[in-house]
Amino acid sequence: MMRKSIWFLSGIAIAFSTTALATPSLDASYGDHMVLQRGQPILIGGTAAPGAKISGTLGSVTATSTADNAGNFTLTFPARDASAVPITLSVTDGSGTITASDILIGDVWLCSGQSNMEYTLERSDGGALAVQNSADPQLRILAVPKSSIPEPSRNFGKPASWAAASPATVPDFSAACFYMTQQLRAKLGIPIGAVGSYWGGSQIRAWMSSPSATKLYGADQMALLHRYAKNPLDAVTAFAPEWEKWWKGKTGGEPWRNPASIDWQPVPKISPWGEWAGTPLAKNTVGNVLLRHTVDLTKQEASADGTLSIGIIDDGDMTFVNGHPVGDTFSWDSERHYRVPASYLHAGTNEILVVASNSWGEGGFQSPADHLNFVIEGGKTIPLSSGWQFAVAKTSEMPPHSPWDQIAGIGVMHNGMIAPLGPMRFKGGAWYQGESDAGIPGYAGKLSELFAGWRRQFGNQMKMLVVQLPNYGERSDHPVASGWAQIRDDERTAVAADDNAALVSVIDIGRFDELHPPDKLDVGKRLALAAEGEAMPMPTAVRSGEGKIVITFDGIEGGLHAFSGDHPLAVELCGLDQPSCRYATATINGDSLQIADDGKPATRVRYAWSDAPIVNLYDGRGLPVPGFEMKISR
């Protein structure tokens with residue numbers, strides 16, 4: 001996954017052209033050069049003094065509102081047709097005025113997900129030329145800054161603003177999103193707005209709204225997250241028993257209680273442990289590693305609170321001082337600074353134990369050695385730049401993620417990167433994610449709740465476009481179980497259950513050896529087709545009878561075609577378990593497939609069911625049939 005990211009714990013208001021010290025402010029998605037959604041009531045969100053009377057003018061139309069007890073307000077303007085004639089928004093509460101100018105009316109799309117959505121235009125195939133030819137004053141983009149926080153915010157993690165597409169503004173924007181919206185601009189001839197809100201490596205639960213997160217994960221987990229927002233140490237203390245129980249179950253030990261029982265080795269240097277030549281970690285960086293240090297304190301020093309700084313730990317850590325949990329963080333670019341109460345300390349030798357967990361890349365220490373120290377409140381700083389010891393843990397499985405986990409916490413990216421968009425209306429949303437959820441059950445339900453959360457905030461009119469995972473990973477010459485295939489089918493299932501959603505298959509334009517396939521132009525083109533309402537190939541039913549099994553499809557134009565062969569590849573019949581799955585020869589009959597009954601138990605049909613399947617089944621437009629698993633009805 002892409003690892004360039006920033007950890008923001010507080011919001012900073014987006015800048016607008018305003019009179020000095022104006023009282024009202026607008027939600028982060030509103031500002032100069034923005035595009036507002038056509039054909040829908042236009043909702044403008046912001047904050048002012050509680051109870052303030054708010055008036056606004058959009059072009060020549062006025063609206064009024066009153067700020068609620070929290071100071072939040074929404075101005076509602078009538079729907080407008082698409083227009084490239086710039087207009088101005090002016091909002092006042094009587095004590096000040098805020099304005100946003102050069103506003104266009106058209107279609108606005110929200111693009112979100114993880115690294116394949118984040119993959120930048122300049123890195124994509126043909127990206128240099130696309131950047132060079134990107135100038136378009138009616139295609140406007142807004143790149144949402146990365147921000148992972150425990151409570152919903154009205155502001156982005158740092159200032160951000162709308163800008164017209166140009167070689168200066170688009171290189172770091174999502175390639176898939178840019179290509180999609182550029183195609184729509186060319187097809188529709190109206191202003192288009194693209195809001196990019198994505199984070200490489202993120203799990204879907206990080207993007208959940210609070211109501212959806214509560215429904216899926218329970219009020220207790222949400223309460224723990226809110227607890228962390230108020231008092232991180234208190235929340236870590238409450239979460240630790242769950243973590244410790246998991247660890248003991250996997251390893252049989254509790255090293256934070258008795259570090260002396262471990263066979264320790266000296267840490268060669270403060271660096272990623274992939275650089276520790278001569279140790280097992282130089283060859284295999286994935287897993288869990290125990291890191292130990294001691295701090296000697298006088299009675300006076302131990303009577304004061306302290307702050308333990310261990311720098312960046314890639315990926316995660318659970319950190320203890322004298323057996324007490326003081327910090328739990330999952331972030332590959334966040335410095336750790338943990339408060340240690342005096343009650344956790346004692347005169348003499350104090351034990352620091354860090355359980356560091358790494359799922360990808362080099363792992364371990366990422367900061368310079370001088371970033372590691374223990375600071376006594378009102379006293380001295382004790383360097384921890386040397387003297388560390390390590391031991392490889394007995395399990396390489398990743399420990400439980402806390403609700404505030406930077407990448408996979410519950411709703412933490414929604415709070416910092418979706419909630420600040422306010423009540424802005426969108427034509428739809430494009431979602432490209434799932435890689436980080438492979439192997440985690442229940443993705444279809446989570447995706448449906450993601451849809452629900454977006455529509456609660458941005459309106460029921462939102463059309464959801466879901467990019468099915470590409471072909472990546474191990475290739476196979478026999479039927480196999482596949483976490484990626486399961487995610488693809490969950491994506492299909494969620495889309496099929498939604499009246500205003502479309503699945504975009506890219507199962508043919510990935511690369512088995514490349515997690516981030518650089519061909520994002522074709523992804524964008526297919527997204528644009530789906531956005532325009534073009535039907536996408538989708539399986540609808542599997543029925544057996546008269547010695548054959550028939551698979552029917554919707555969204556097929558020009559019939560089905562098997563390229564480079566006389567039958568489709570990667571079709572399977574399965575009984576109740578994985579060993580029963582076998583490849584089957586299917587024949588094309590217009591918009592359906594037929595499989596001869598082979599006389600063996602068959603309850604399911606699977607297609608393209610592997611991490612990196614080789615496929616050749618398309619419709620007449622050259623759009624691939626998505627991977628799927630469906631039960632056979634009799």
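Me: Where does D315 sit in this predicted model?
Reply: Look for the two strands on either side of D315, β15 (306-314) and β16 (316-321). The peptide bond joining D314 and D315 is cis, with omega about 5°. So the place to look, going by the strands, is the loop between β15 and β16.

Me: Is H33 buried, partly exposed or exposed?
Reply: You'll find H33 in the loop between β2 (25-26) and β3 (35-37). H33 isn't a glycine, yet its phi is positive, about 70°. Buried means under 20% relative accessible area and exposed means over 50%. H33 comes in at 31%, so it counts as partly exposed.

Me: And A608, what is its relative accessible area?
Reply: A608 belongs to the loop between β34 (604-607) and β35 (617-619). Its phi is positive too, near 55°, and A608 is a residue other than glycine. The cut-off for buried is under 20%. A608 counts as buried because its relative accessible area is 1%.

Me: Which residue has its backbone oxygen 2.7 Å from a polar atom of the S112 side chain?
Reply: Start with S112 itself, which is in strand β9 (residues 97-113). At 0% relative accessibility, S112 is buried. Leaving out residues up to four places away in sequence, S112 touches several others, including M117, Y198, W207 and W454. The backbone oxygen at 2.7 Å from a polar side-chain atom of S112 belongs to S197.

Technical notes
Residues numbered from 1 in each chain as written. Predicted model: local features only at pLDDT ≥ 70, side-chain atom pairs only at ≥ 80, totals over all residues. Heavy atoms only, no water. Helix = DSSP H or I, 4+ residues; strand = E, 2+ residues; numbered from the N terminus. Buried < 20%, exposed > 50% of the residue type's maximum accessible area, 1.4 Å probe, protein only. Polar contact = N/O pair within 3.5 Å; in protein donor to acceptor, adjacent residues only side chain to side chain. Contact = heavy atoms within 4.5 Å.
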